[in-house]
Amino acid sequence: MEPRFLLLSDVAAELNVSDSQVYHMVRSGELPAIKIGGRGQWRVERARLEEYISHKYAETADWVRGNPLIDRDTE
C-alpha cells in the first residue's frame, strides 16, 4: 500500500526535480501541501500530487495548441 502523504524529497523523486524546486512549488502555493508536527514538516498528499500532474498535462496541452511548432525549412 502506498503512503497517503509524501515527503518533499519523495515528490522531487516522482517529478524528477530538485528538493528545492518542490519546496518552492509548495511555498508559492502551486502544489498543495500541509505542515505537520512540532517542527512543521511539509507533506504532500499523493492524491494532490496526481491532481497537480494532471493539471500540468492540461496546461501543457493548452500551451502547445497556442504555440504550434513552425517548420523552419519552409521559411
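A: Helices (H or I, at least four residues) and strands (E, at least two) are DSSP runs, numbered from the N terminus. By that reading, α2 is followed by Gly-29, whose phi is positive, near 90°. Gly-29 lies in the loop between α2 and β2. The model is predicted: local features need pLDDT of at least 70, side-chain atom pairs count only at pLDDT 80 or more, and totals for chains, interfaces and linings use all residues. Residues are numbered from 1 along each chain as its sequence is written, and side-chain values use heavy atoms, with hydrogens and water left out.

Q: Does Gly-29 count as buried or exposed, and why?

A: Buried means under 20% relative accessible area, exposed over 50%, and partly exposed in between (1.4 Å probe, protein chains only). Gly-29 counts as exposed because its relative accessibility is 53%. Its C-alpha atom is separated by 14 Å from that of His-55, 26 residues apart along the chain.

Q: Which residues of helix α2 are buried?

A: An α-helix has 3.6 residues a turn, so residues three or four places apart point the same way. In α2 (residues 19–27), Val-22, Met-25 and Val-26 are buried. They lie on the same side of α2 because they cover an arc of only 100° around the axis; the arc is that of the directions from the helix axis to the C-beta atoms. The face turned away from this buried side carries the exposed residues Ser-20, His-24 and Arg-27.

Q: What covers the buried residues of α2?

A: Here one looks for contacts, meaning heavy atoms within 4.5 Å. The cover includes α1 (8–15), β3 and α3.

Q: Which residues of α1 are buried, and what do they pack against?

A: Leu-8, Val-11 and Ala-12 are buried in α1. Seen down the helix axis, they fall within an arc of 100°, so they line one face of α1. These residues pack against β1, α2, β3 and α3. Just after α1, Asn-16 takes a positive phi of about 60°.

Q: How does one read the pairing of the strands?

A: Two strands pair if DSSP finds at least two bridges between them. Strand β1 (residues 5–6) pairs with strand β3 (residues 41–45) in the antiparallel sense over 2 bridges, and Phe-5 stands opposite Glu-45. Strand β2 (residues 34–36) also runs antiparallel to β3, joined by 3 bridges; Lys-35 has Trp-42 as its bridge partner. β2 and β3 form a hairpin with 4 residues between them, and Gly-37 in the turn has a positive phi of about 80°.

Q: Which residues make up the largest nonpolar core?

A: A nonpolar core is a set of buried Ala, Val, Leu, Ile, Met, Phe, Trp, Tyr and Cys residues joined through side-chain atoms within 4.5 Å. The largest one has 12 residues, including Leu-6, Leu-31, Trp-42, Val-44, Leu-49 and Tyr-52. Two or more residues come from each of α1, α2, β3 and α3. Leaving aside neighbours within four places in sequence, Leu-6 is in contact with Val-11, Trp-42, Arg-43, Val-44, Arg-46 and Leu-49.

Q: Where is Arg-46, and what does it touch?

A: Arg-46 is in helix α3 (residues 46–66). At 15% relative accessibility, Arg-46 counts as buried. Not counting residues up to four places away in sequence, Arg-46 touches Glu-2, Pro-3, Arg-4, Leu-6 and Glu-14.
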